[in-house]
Amino acid sequence: MPETTSGTLPHTSVSPAPTDVAPLARTGSLLRFMLRRDRIRLSIWVLGIGLMALYFSNAIQVIADGVEELAQMAVLFSDPVGRMMTGPAFGMDEPSFERFYAAGYVLFLYILFALMSVFLLVRHTRTEEQTGRAELVRANVVGRHATLTAALLLTGGANAAAAVLVWVASGPVAGYDAAGTALVAAGGFSVGLFFMGAAAVAAQLSQSSRGASAMAGGLLGLAYLIRMGGDMVEQGGSALSWFSPLAWSQQTAPYVEDRWWPLLLPLVAAAGMVALGFWLSTRRDVGASLVPPRLGRATARPSLGTPVGMALRVLRGMLRGWAIALVLAALMFGSYAESMVDAADGLPEEVAMIMTGDDLMLGYLAYMSLFLAIFVAAAGVSGLQVLRSEEVHGRAEFALSLPMSRTTWLGAHLAVLLGGLMALTLLVGLGTAVGAGASLGDLEHTGSLLLAGLHQFPAVLAVVGIVVALFGWVPRIAGTVGWVIIAFSGIATNFGPMLDLPDAVLNLNVFGHLAQHPVEDITLAPVLWLSTLGVAGLVLGLLGWRRREVNRV
């Protein structure tokens, strides 16, 4: 420091911050930074969607020997229950490999497009604000709309890249018709853009990334439920189907009618929501939200002074949201029991691949118990991600500054989570029983369906145990592995037998080992070893949590 005669620091001039920064200034720099930061995550999403399309489009050509066998299998998708699960079943009266692919599997590609868009957009907008990084970025010469624009460009580019891979997998590789294949790829791109716009709006409304993802994800779940109800009514969809964003791309009828105009609906809606997201972003401060968080009580309940009470406060919102969604789904699924009775004589033998037993109606209800149990396990993975969020954002460290051990903190949260998941299995069973009772006119299957739901809990426990073990030792990949297990379980449960997957692959599905009660007798061995796997994972996770650093990434 240079000497001064006055004893004061030398005067240094500070340039005033620019006040006329263009709204999109440094968008390119932010986009390059996002690409650099998400290069691995982005590659996994895009390549995963492309590989899924490659598998779906080619597997059907392997398992079906000819048109006659394909026609027998096609009835599985054109049936009301099949339409409820996969879509409006265009072209199943004269099926071909490409029509079978579009009717049975493309919907699940569209769901992956939607999830990728939601997670990417929220991650690079609301999560950045929540962690404080957005405020540091905005302290530089960065335009007000630069971050959101860069996130939209990144998400849109990811959707475009995934759509190209879907086109390559379904067209040049599988040899399907060019026009229909282009529609399949464009449909996925359109669905991705729609939910990108929805996520852009949700990021302005919620103050947390979890809340923003829940809003956009809730819209996706609602779209799926509306589509289910609309497509089950009649082949080709009903008027109700047109109220679902997922149904708009399916209504293009690839390889059958090849109509492009339904894609205008998601594209126009996406443009409107993106514009709304930009406008809403100008109505709030950085880090704030348009829907302010609800104020808490003036005085805390005594239970919040206990580890279990605090864990219940942290997890109750997540558990409540899943409970509402799953109970509504169980009521709706159960209400179709009468339809299964009416259609029993006309259903194909291929239904037996999924619905076990001589009594088709009970087989359907048993299958629904298994199907919904996978979503209960998804709620478990979601709850464990809440714990990871508590750790990453420093709230776990505050709790551990009290006279409370690490084992007590994690053990309390696991106890609440597992208790909530068990309650969910019972609620799902009860909802299915009530829906079936309302449809059939009696509640004679209530006890059996409650037991059927509870019987799936060891598989749920096994999934939670695996993710907890990773949370304790390799927390960075715990959530990703958990969702991969859920996705694989859903595919193997719904399509494994029909796709003729090897037994070694099917055995990896933890939900595939339990008996489908009430049409099958419960066997003790799978219950014991799945429970042992789950408990072992919990113990390993607790040991790892005690030994590793808090906030380890």
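Trainee: In which helix does Arg 126 lie?

Mentor: Arg 126 lies in helix α7, residues 126–131. A helix here is a DSSP run of H or I with at least four residues, and helices are numbered from the N terminus. Please note that this is a predicted model, in which local features need pLDDT of at least 70, side-chain atom pairs count only at pLDDT 80 or more, and totals for chains, interfaces and linings use all residues. Residues are numbered from 1 along each chain as its sequence is written, and side-chain values use heavy atoms, with hydrogens and water left out.

Trainee: Why does Arg 126 count as buried?

Mentor: Buried means under 20% relative accessible area, exposed over 50%, and partly exposed in between, with a 1.4 Å probe and protein chains only. Arg 126 has 0% relative accessibility, and therefore counts as buried.

Trainee: Which residues does Arg 126 touch, not counting those up to four places away in sequence?

Mentor: Among them are Ala 203, Gln 207, Ala 212, Arg 284 and Ser 289. A contact requires heavy atoms within 4.5 Å.

Trainee: What makes Gly 211 partly exposed?

Mentor: Gly 211 has a relative accessible area of 22%, so Gly 211 is partly exposed. This residue is found in helix α11, residues 209–233. The C-alpha atoms of Gly 211 and Val 122 are separated by 9.8 Å, although the two residues are 89 apart along the chain.

Trainee: Why does Glu 520 count as partly exposed?

Mentor: The relative accessibility of Glu 520 is 28%, so Glu 520 counts as partly exposed. Glu 520 lies in the loop between α22 (503–506) and α23 (524–547).

Trainee: How far from the side chain of Glu 520 is the backbone nitrogen of Gln 516?

Mentor: The side chain of Glu 520 reaches that nitrogen at 2.9 Å.

Trainee: How many of the chain's residues reach a pLDDT of 70 or more?

Mentor: The share is 89%, and the mean pLDDT of the protein chain is 85. The pLDDT is the predictor's confidence in each residue, from 0 to 100. Over residues 1–17 the pLDDT is below 50, and this stretch has three contacts in the model beyond near neighbours in sequence. Where pLDDT is low, the predicted coordinates should not be read in detail.

Trainee: Which elements have the lowest and the highest mean pLDDT?

Mentor: Helix α15 (residues 337–342) has the lowest, 63, and helix α20 (residues 457–473) has the highest, 96.

Methods:
Helices (H or I, at least four residues) and strands (E, at least two) are DSSP runs, numbered from the N terminus. A polar contact is a pair of N or O atoms within 3.5 Å; within protein, one must be able to donate a hydrogen and the other to accept it, and residues adjacent in sequence count only if both atoms are side-chain atoms.
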